[in-house]
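Here are some review notes on the model, written for a reader who is new to structures. Please keep the view open while going through the points.

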Amino acid sequence: MHLTRRRWYLVAALIAALAWVAGTAFAASAWDPLRSAEVVPVGQPVASSGEDDLAVLTDLPQAERDIRCVARSGKKRTPVPPATVDIVVDSDGSRWHLLGVVSDAPDQTRIVCKPRDGQTDTARYGTALVDLSSRVGTGQAIAWTGFIAGLGLAGATLTARTRRTLAHD
């Protein structure tokens, strides 16, 4: 294997790009458990094992209203971070849209959602217990490992080409 040819740079770039795509696709599949989860209407405590993620959903997306949700467990109040992706869940004949996810929700958590403008809210809210973290870490590992392997191959090619050039001078 002669790492002195320029095509090894292309191979290194392809390895890095393909690993990044594969890692992203693998990590994106972490949302699959949510898509098939059963949504329970807000208003009752959530019986969580403490290791599950608590997804907060609404049946009426209102992006312009700035809906804020809070997870309450005893006296502790945790704001629900807004979702960065729009995931749609079909459960019991309703179409639910993801508002946010609370990681590692404690047992007996209650969710309260209100629009920031204080106007009347006709939307329904629900929760679903899912494990979203299981595939994300593996996807990141795939992406970064491939990226580092591609970078290493590019570095080895540069070193081999530099040594060959210096040897001929």
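1. Tryptophan 20 is partly exposed, its relative accessible area being 37%; here buried means under 20% relative accessible area, exposed over 50%, and partly exposed in between, with a 1.4 Å probe and protein chains only. Tryptophan 144 also counts as partly exposed, at 46% relative accessibility, and phenylalanine 147 is partly exposed with 33%.

2. Before going on, please note that this is a predicted model, in which local features need pLDDT of at least 70 and side-chain atom pairs count only at pLDDT 80 or more, while totals for chains, interfaces and linings use all residues. Residues are numbered from 1 along each chain as its sequence is written, and side-chain values use heavy atoms, with hydrogens and water left out.

3. How many aromatic pairs does the count come to? It comes to three, where rings of Phe, Tyr and Trp (its six-membered ring) pair if their centres lie within 6.5 Å, and planes under 30 degrees apart count as stacked, over 60 as edge-to-face and the rest as tilted. One of them joins tryptophan 20 and tryptophan 144 edge-to-face, with 5.0 Å centre to centre and 85 degrees between the planes. Because tryptophan 20 lies in helix 1 (residues 7-28) and tryptophan 144 in helix 3 (residues 136-168), this pair ties together parts that are 124 residues apart in sequence.

4. Tryptophan 144 and phenylalanine 147 form an edge-to-face pair as well, at 5.7 Å centre to centre and 90 degrees between the planes. These two residues are three apart in helix 3, so about one helical turn separates them. Trp20, Trp144 and Phe147 form one aromatic cluster.

5. Turning to the whole protein chain, its secondary structure comes to three helices and eight strands, in the order α-α-β-β-β-β-β-β-β-β-α from the N terminus on; helices (H or I, at least four residues) and strands (E, at least two) are DSSP runs, numbered from the N terminus. The radius of gyration of the protein chain is 24 Å, well over the 15 Å that the globule rule gives for 169 residues, so the chain is more spread out than a compact globule. This radius is taken over C-alpha atoms, and the rule is 2.2 Å times the number of residues to the power 0.38.

6. Along the principal axes, the C-alpha atoms of the protein chain fill a box of roughly 80 × 35 × 30 Å, and of the 169 residues, 33% count as buried.
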